[in-house]
Amino acid sequence: MRGRKPVRTVTVTSGKGGVGKTNVVTNLAVALRSMGKEVLILDADVGMSNVDVLLHLAPRHNVAHVLSGEKRLDEVLVEGPRGVRILPAAFGAQELTRLDGHQRMRLLDAIDACDLGIDVLLVDTPAGISENVAFFCVASQEIVVVTAPEPTAVTGACALIKVLSTRYGEKRFTVLVNSARSEAEGREVFRALSSVAGMLLNVSLDYLGHIPHDASVQDAVRSQAPFVDMFPDGPASRKVREIAARILERPGGDVKGSLQFFIESLCSAAAGV
Ligand SMILES: Nc1ncnc2c1ncn2[C@@H]1O[C@H](COP(=O)(O)OP(=O)(O)OP(=O)(O)O)[C@@H](O)[C@H]1O
Ligand SMILES: [Mg+2]
């Protein structure tokens with residue numbers, strides 16, 4: 001039976017690379033798990049999969065094996081820290097947006113058969129605007145644009161928002177400022193981005209908050225462990241938990257709210273190109 005549980009679908013993206021998307025996704029996932037939510041990460045970073053590296057996992061299969069019928073979805077899912085589930089789509093995200101009708105049905109049936117009981121789906125994307133990234137954004141309820149405070153990252157975020165709004169009709173974005181030196185810097189970056197976006201692009205931006213620059217993030221990356229687990233009392237961890245709570249508070253249970261709907265809209269957006 002389709003659509004049995006509302007799912008928050010959140011795509012995390014950025015204009016410039018290396019601003020912290022994969023850290024945001026993996027740590028938000030662990031924080032949401034500790035709040036009792038069932039979380040699935042879709043690793044859509046084709047060819048540059050970082051989620052498995054950050055979480056010290058070695059997935060042997062990916063979504064392409066489900067599409068070919070070699071594996072069931074539950075055989076492909078990998079379990080990470082605290083029971084976060086990961087669907088490795090590396091080398092498969094391309095396929096996800098290029099499914100024919102038969103493959104689409106196969107994937108939807110696979111999702112139905114597993115009854116994943118997901119509350120939140122987090123999609124980690126590569127940086128920059130590509131057709132793939134755009135499809136994931138269009139299919140999600142929420143697009144989180146991550147930026148660092150540096151002007152190059154902010155300009156990149158602006159360019160990404162511009163393409164998603166003018167070419168794909170997306171008008172609502174959520175902004176997360178990572179590696180900020182202070183709360184004030186995070187707000188300042190958001191204000192700057194927001195005024196450009198409002199004035200030139202006619203889109204509305206919401207501020208999700210900031211994550212401070214925190215050396216323990218780098219230590220955790222080196223240990224291939226989530227910083228929220230390794231340094232739960234560190235400044236970055238505290239902010240990630242606040243942001244996780246904020247995501248859950250936001251209204252989102254609209255018609256887009258099922259995993260099947262997400263996959264269906266992903267495929268039909270791709271088919272329309
Ligand atoms: N809040 C932070 N404080 C300190 N360092 C950070 C923080 N966030 C990220 N970093 C550093 O930035 C690096 C890149 O982060 P991450 O891999 O999450 O970025 P990304 O946006 O996913 O990159 P890509 O575009 O390549 O996928 C991390 O390995 C870490 O060293
Ligand atoms: Mg990444």
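User: Where is D43 placed, and is D43 buried or exposed?

Analyst: In this predicted model, D43 belongs to strand 2. D43 counts as buried because its relative accessible area is 2%, and the cut-off for that class is under 20%.

User: Which residue stands opposite D43 in strand 4?

Analyst: The residue opposite D43 is P88 of strand 4, while L42 has L87 of strand 4 as its opposite number. These pairs belong to the contact of strand 2 (residues 39-43) with strand 4 (residues 85-88), two strands that run parallel and are joined by four bridges.

User: How should I read the directions in which the side chains of a strand point, and which residues of strand 4 point one way?

Analyst: The general idea is that in a regular strand the side chains alternate between the two faces of the sheet. In strand 4, R85 and L87 point one way, whereas I86 and P88 point the other way, and all of them are buried.

User: How many bridges pair strand 3 with strand 4, and in what sense?

Analyst: Strand 3 and strand 4 are paired by two bridges in the antiparallel sense, and E79 has R85 of strand 4 as its bridge partner. The two strands form a hairpin with five residues between them, and in that turn R82 has a positive phi of about 60 degrees.

User: In what order do the strands form the sheet?

Analyst: The sheet is open and consists of eight strands in the order 3-4-2-5-1-6-7-8, with mixed pairing. Its edge strands, each of which pairs on one side only, are strand 3 (78-79) and strand 8 (204-212).

User: Which strands does helix 8 lie across, and which does helix 9 touch?

Analyst: Helix 8 lies across strand 1 (8-13), strand 6 (142-147), strand 7 (172-180) and strand 8, and runs at about 155 degrees to strand 6. Helix 9 also packs on the sheet, where it touches strand 6, strand 7 and strand 8, and its direction makes about 155 degrees with that of strand 8.

User: How do I describe two helices that pack on each other, and at what angle do helix 8 and helix 9 cross?

Analyst: Two packed helices are described by the angle between their axes and the distance between the axes. For helix 8 (residues 151-166) and helix 9 (residues 183-201), the axes come within 11 Å and cross at roughly 35 degrees, and the crossing is right-handed. On the side of helix 8 the contact is made by V154, A157, C158, I161, K162 and S165, and on the side of helix 9 by V189, L193, V196 and L201. Sorted by class, this contact has eight nonpolar residues, one polar and one charged.

User: What does the protein look like as a whole, in numbers of helices and strands?

Analyst: The protein has 13 helices and eight strands, and 56% of its 273 residues count as buried. Among contacts with a separation of 6 or more, 80% are accounted for by residues 24 or more positions apart.

How values were computed:
Residues are numbered from 1 along each chain as its sequence is written. Chains are lettered from A and ligands numbered from 1 in the order in which they are written. This is a predicted model: local features need pLDDT of at least 70, side-chain atom pairs count only at pLDDT 80 or more; totals for chains, interfaces and linings use all residues. Side-chain values use heavy atoms; hydrogens and water are left out. Axes are lines fitted to C-alpha atoms, for helices over the stretch in contact, and angles run from 0 to 180 degrees between N-to-C directions. A crossing is left-handed if the near helix is turned anticlockwise from the far one by less than a right angle, and right-handed if clockwise. Contact means heavy atoms within 4.5 Å. Ala, Val, Leu, Ile, Met, Phe, Trp, Tyr, Cys and Pro count as nonpolar, Asp, Glu, Lys and Arg as charged, and the others, Gly among them, as polar. Two strands pair if DSSP finds at least two bridges between them. Buried means under 20% relative accessible area, exposed over 50%, partly exposed in between (1.4 Å probe, protein chains only).
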